[in-house]
Every structure is written in C-alpha cells, then in structure tokens.
Amino acid sequence: MQRPLNAGGFRDAARRALPKALFEYIDRGTEDENALRCLRNSLDSITLVPRVLTGHPQRELRTEILGETTAMPLVVAPTALAGLVSHNGEIKLARAAARMGIPVCISTQSITTIEEIRAGAPGASLWFQLYMWKDRNLSRALLERVEKAGVTTLVVTADTPTSPKREYNHRNGFSIPIKYSLRLGLDVALHPRWLCGVLLRYLLETGMPTYGHYPQEFRSAVTRLSIAEAVRLENLLNWDDIHQLRRWWKGKLVIKGVLGVHDAHLAKTAGADGIVVSAHGARNLDIAPAPIDVLSGIADAVGHDLDVLADSGVKRGSDVLKYIANGARSVMIGRLPLWGLATNGEAGAEDLLAMLRDEIDVTLTMLGLQQPSECHTALQRTRLTPQRSGTKSKFAEQGS
Ligand SMILES: Cc1cc2nc3c(=O)[nH]c(=O)nc-3n(C[C@H](O)[C@H](O)[C@H](O)COP(=O)(O)O)c2cc1C
C-alpha cells in the first residue's frame, strides 16, 4: 500500500479503516471542541525565523530526556485502548517506537499488559502511565509489576479528576460498557477488515478485550461495566499522593497534565523529575489553554529543575519544533501513532514516526539549525493572528 504523505493522509486512512465509533473516540475533543480548535490556532500562529547560510552538513536529532538518550525528541503518549486499533496494537506501537529509537508510554487502560508488551518488544524503552485506583494497595501492586517489567519512567496523569463529557461517544454507543445498538452493529459490520482482523481475532484467541492491568477479580470485558469501587479511578488524587508515590517509585517520576506555573512548582516540590505540559489532546477540559500558550512561562520557571515535556495537537514535525522552541525538551504524540497503527499496523506506526522524523529534519534544515534545542533562537515573538482584545501576550505567565 502507498504510504500517506502526511499525518492528514494517515488520519484519512484510519477513518476508512476503523468503525466510526472508534475513530471518533480517538479523533475528537470534548463538549463543544473549543479547546481542540484553540490547539490548532495557537500552533498555527507561531512562526520560527530561519538563519540563512549556516551550512550545517547534518542535523543531530538525538535528545536527552529523563536520563535517556532518544533518537529524536518524541515519546509515544499513553492512549487507552490502543489495542483496539489493531490486534495487539500496544505491542506493535512499542516495537515501532523501539525501531525508531524513542520511548513509548503504556496506559493503565491498555488492553495488553506491561509484561506481554515487554515480551513482545524486548528492546523497547517502556514508560508507564498511572491512573491511580481507589484502592491504593492495588495500584502499588501494579507498580511493582511495572518495575519488574523494566519500566524506568512513571507518568502520573493529573488532569482527569472526573470523566469528560464527550457526547459523540454517547451518540456512537462508545462508552464503557460499550452499548450495543443497531447503529453500532452496522458501523462495525461496514468495517470488515477491523471486524475480522481485530475484534474477531481477539474473540477467537483471547476473548473479548479487557483492561489488561486490572486485577483478575475485577477484570471485565470492555463491553461490561466494572463497578468495583476498588478499581475506580481516584477522583480525589492530590499532591500528598504524589509525595507518597515518590516514596513508592524509585525510577523517574513525571506529572502529566500541568498547565500552570504554580502546579509546576508543586510538582518539583513533590519530587517529580519531569512534567508534561498537556491538555490531554483537548479531550478533557474544553476551556483549557493550548499548552503551547503556557509552555514558555512554565519552562522558564522550572525548566532548570525538571525535564519539561509537552503535548497536544501535533500534526507536523514543525509542531514538534514549535514546542521545543517554547521550552519543551521532548514532545509526546497521542493520536498520530494511532493513525499509523490503524493504517497499516506496526509498519504503519513506524512509517508515521519516520515521516515525522523527516519533517523535523527538513524543518530544522530550513531553519538553518543543527539541533532541535537551538529552536528557541528562532522563535518569532509576535503572532501572525491578531490578539483578541483584552488578552495578554501569550508569553505572559498564565493561570497562576
Ligand atoms: C485515544 C486516546 C486515549 C488516551 N488515553 C490516555 C490515557 O489513558 N492516559 C493519559 O494520560 N492520556 C491519555 N490520552 C492523552 C494522550 O496521552 C496525550 O496527552 C494526547 O493524546 C496528546 O494530544 P495529541 O493526541 O493531539 O497528540 C489519550 C489520548 C487519546 C487520543
């Protein structure tokens, strides 16, 4: 099959390959999708000024992040249910990331367990994302498994104190438990490649997919509701929990979902090694700022003490460089690897990552720079689009 030319092409191919309910679960935002539009507008409004005649023969994309050297400044973000996009999707993502020399962060809500992913992708740099359960002892036991699987970096998601209001999921019947309806049945039937290659294959080989990390006694198929209080996501998570996690977890600790300077300082005080300045892909809070708009203030405040990552809205290699220009050391990508996976499994995910690497390289060359970390020198400190009246410069500190 012909490789799509850009992320938009991969997304189009994924739209064709996946049932609409699954495609929209990945693609869309929350409520009125204002935050989603804001992400794109903010990224599009940033320009970088090239240096000319610098004559660098070669770029150096290697990056140090949380004590690791990665081949480029990218990390595959944690995405729940990635294993529904392709059979054993989480293992395929881990293999593709390993071949491209970047880490992959596995979600607490993956279908495949961290042990299975380690066995399927022995050379991968695996990070793990934690959604804390109500029963802390169960979460602690999970962390012991995660550590045994050779995970070095734990990413604690801090921006999901409740379930977001994603109305399209309700309309499509895509919720946990999945609601059977004629509409959903037709949607699945109209995507026979996914039906046979993913769903039926799971049903024949291992049964209806479950959240793999949930303890056996609480595990239920994604079509049924797990009502057990013990494994409900902790909605009361607070900074004391992070201090406690710091005592439990000896590896690198990262707080994901920080959007304000004050919280970045609290993360540092709690002993975190890094933060992800993230709006959860504009999937949670529809009035959240675009991370790119608050990033430089946060990076200026804590960037000397913490490794600052950022995510949300990346479609191009140039978006990655815009995040780095504003102070991120590395960038997480959520939807894009899933589009690659949906398009052509493991090879598709790898193609997508290779395409992004090439785009980063071309953009860096055009900028006359050698390394992504030099991009801050190219930052154009005015916006292309006019400021809304009453708003401060995006470089002013926000939210704290
Ligand atoms: C389908 C999907 C599932 C996600 N699941 C999780 C999750 O389980 N834990 C988490 O911390 N973030 C989750 N995220 C958010 C991503 O980790 C990341 O912050 C976001 O996707 C970045 O934006 P982007 O998709 O525009 O790159 C999910 C995102 C998507 C698209």
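1. Let's start at the ligand: the side chain of Lys256 has an N or O atom 3.0 Å from a nitrogen atom of the ligand. A polar contact here is a pair of N or O atoms within 3.5 Å.

2. A word on the source: this is a predicted model, in which local features need pLDDT of at least 70 and side-chain atom pairs count only at pLDDT 80 or more, while totals for chains, interfaces and linings use all residues. Residues are numbered from 1 along each chain as its sequence is written, and side-chain values use heavy atoms, with hydrogens and water left out.

3. Next, helix 4 (residues 89-99) packs on helix 14 (residues 335-366) at about 20°, their axes 8 Å apart. Helix 4 is therefore roughly parallel to helix 14 (angles under 35 degrees count as such). The crossing is left-handed, meaning that the near helix is turned anticlockwise from the far one by less than a right angle; clockwise would be right-handed. Helices are DSSP runs of H or I, at least four residues long, numbered from the N terminus. Axes are lines fitted to C-alpha atoms over the stretch in contact, with angles from 0 to 180 degrees between N-to-C directions.

4. Which residues of helix 4 and helix 14 make the contact? On helix 4 they include Lys92, Leu93 and Ala96, and on helix 14 they include Leu341, Ala349 and Leu353 (contact means heavy atoms within 4.5 Å). By class, the residues of this contact are eight nonpolar, two polar and five charged.

5. Helix 13 (residues 317-325) also meets helix 14: their axes come within 7 Å and cross at roughly 65°, in a right-handed sense. Gly317, Ser318, Val320 and Leu321 of helix 13 touch Leu356, Glu359, Ile360, Thr363 and Leu364 of helix 14.

6. Finally, helix 6 (residues 136-148) and helix 10 (residues 239-248) pack at about 35° with axes 11 Å apart, and their crossing is right-handed. Arg136, Arg140 and Leu143 of helix 6 face Asp241, Leu245 and Trp248 of helix 10.

Terms used
Helices (H or I, at least four residues) and strands (E, at least two) are DSSP runs, numbered from the N terminus. Angles under 35 degrees count as roughly parallel, over 145 as roughly antiparallel, 65 to 115 as roughly perpendicular and the rest as oblique. Ala, Val, Leu, Ile, Met, Phe, Trp, Tyr, Cys and Pro count as nonpolar, Asp, Glu, Lys and Arg as charged, and the others, Gly among them, as polar. A polar contact is a pair of N or O atoms within 3.5 Å; within protein, one must be able to donate a hydrogen and the other to accept it, and residues adjacent in sequence count only if both atoms are side-chain atoms.
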